[in-house]
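Please read it alongside the sequence and the 3D view.

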Amino acid sequence: MINQLLLYILLIMLFPVKEFFSQIDSTVKKVQIRLPTYEGEPIEKLSKFAPIYKDKIYLFADFDNVATRDERVNLNRTKFIPVYLINNRNKKYSFTGYEMENLQQVYRKNDTSWVRTQRGIPMWCGTSYDWIAIIKPKEFYKVLKYFSDEGDDQIVRYTFFNTDVVISNAGFAKVNMEKVEKAKYDRIALQISSPKFLIEII
């Protein structure tokens with residue numbers, strides 16, 4: 001297990017994930033593979049409580065509308081919060097299902113640092129590579145993020161790591177510190193951490 005972790009860290013340092021997926025994207029375009037595409041909706045359809053910031057791409061977390069994934073069926077009791085990626089710029093923005101996992105909840109540890117609260121869950125069959133979301137100018141895209149119902153109340157917000165998307169507004173949520181510890185060493189942590197952190201793990 002340790003050897004595999006070291007190899008993984010080495011590969012990340014020598015061959016950044018972003019470059020890897022940019023090469024995949026280039027190959028897709030060359031061979032004209034059509035990926036399933038999900039598009040945004042006009043900003044006018046946003047909740048009246050969502051702020052509109054000029055010339056920015058940013059997140060808005062709707063803490064007032066946390067709910068179960070499907071209340072009609074009432075089988076899945078897991079709570080989710082709607083997080084809106086709002087593109088109020090003049091150019092389109094896109095990301096894959098794999099990259100969407102980098103949209104993460106963080107809690108305020110102190111006045112200067114925010115820490116991830118949930119570890120990334122690997123996709124079970126590779127389907128995350130098989131779709132892309134395209135958000136045109138003046139559109140938004142809604143993502144449902146897991147919202148814990150166990151732990152201590154903390155101030156949280158949402159960050160789309162490794163992007164220029166502006167962080168979300170803050171609100172209160174329950175944070176399980178055991179899950180915080182597990183998140184420190186998962187795939188996402190290895191991608192977003194500093195070289196100093198990776199060296200310490202080695």
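## Basis

This is a predicted model, in which local features need pLDDT of at least 70, side-chain atom pairs count only at pLDDT 80 or more, and totals for chains, interfaces and linings use all residues. Residues are numbered from 1 along each chain as its sequence is written, and side-chain values use heavy atoms, with hydrogens and water left out.

## Cavity

The structure holds one cavity of 30 Å³ or more. A cavity is a set of points on a 1 Å grid over the protein atoms alone where a 1.4 Å probe fits but cannot get out, and lining residues have an atom within 4 Å of a point. Volume is the space filled by probe spheres set on the points, which are joined across faces, edges and corners; for the largest cavity it is about 30 Å³.

Q105, T117, Q118, S148, K174, V175, N176 and K179 line the largest cavity. By class, this lining has one nonpolar, five polar and two charged residues.

## Aromatic contacts

The whole structure has 10 aromatic pairs (ring centres of Phe, Tyr or Trp, the last by its six-membered ring, within 6.5 Å; planes under 30 degrees apart are stacked, over 60 edge-to-face, the rest tilted). Y38 and W131 are edge-to-face, because their ring centres are 5.2 Å apart and their planes at 75°. Y38, Y93, F95, W131, Y141 and F160 form one aromatic cluster.

W131 is buried at 15% relative accessibility, whereas Y38 is partly exposed at 43% (buried is under 20%, exposed over 50%, partly exposed in between, with a 1.4 Å probe and protein chains only).

Key. 1 Å grid on protein atoms, 1.4 Å probe; cavity = no way out; pocket = protein on both sides within 12 Å on 5 of 7 lines; lining within 4 Å. Nonpolar A, V, L, I, M, F, W, Y, C, P; charged D, E, K, R; others polar.
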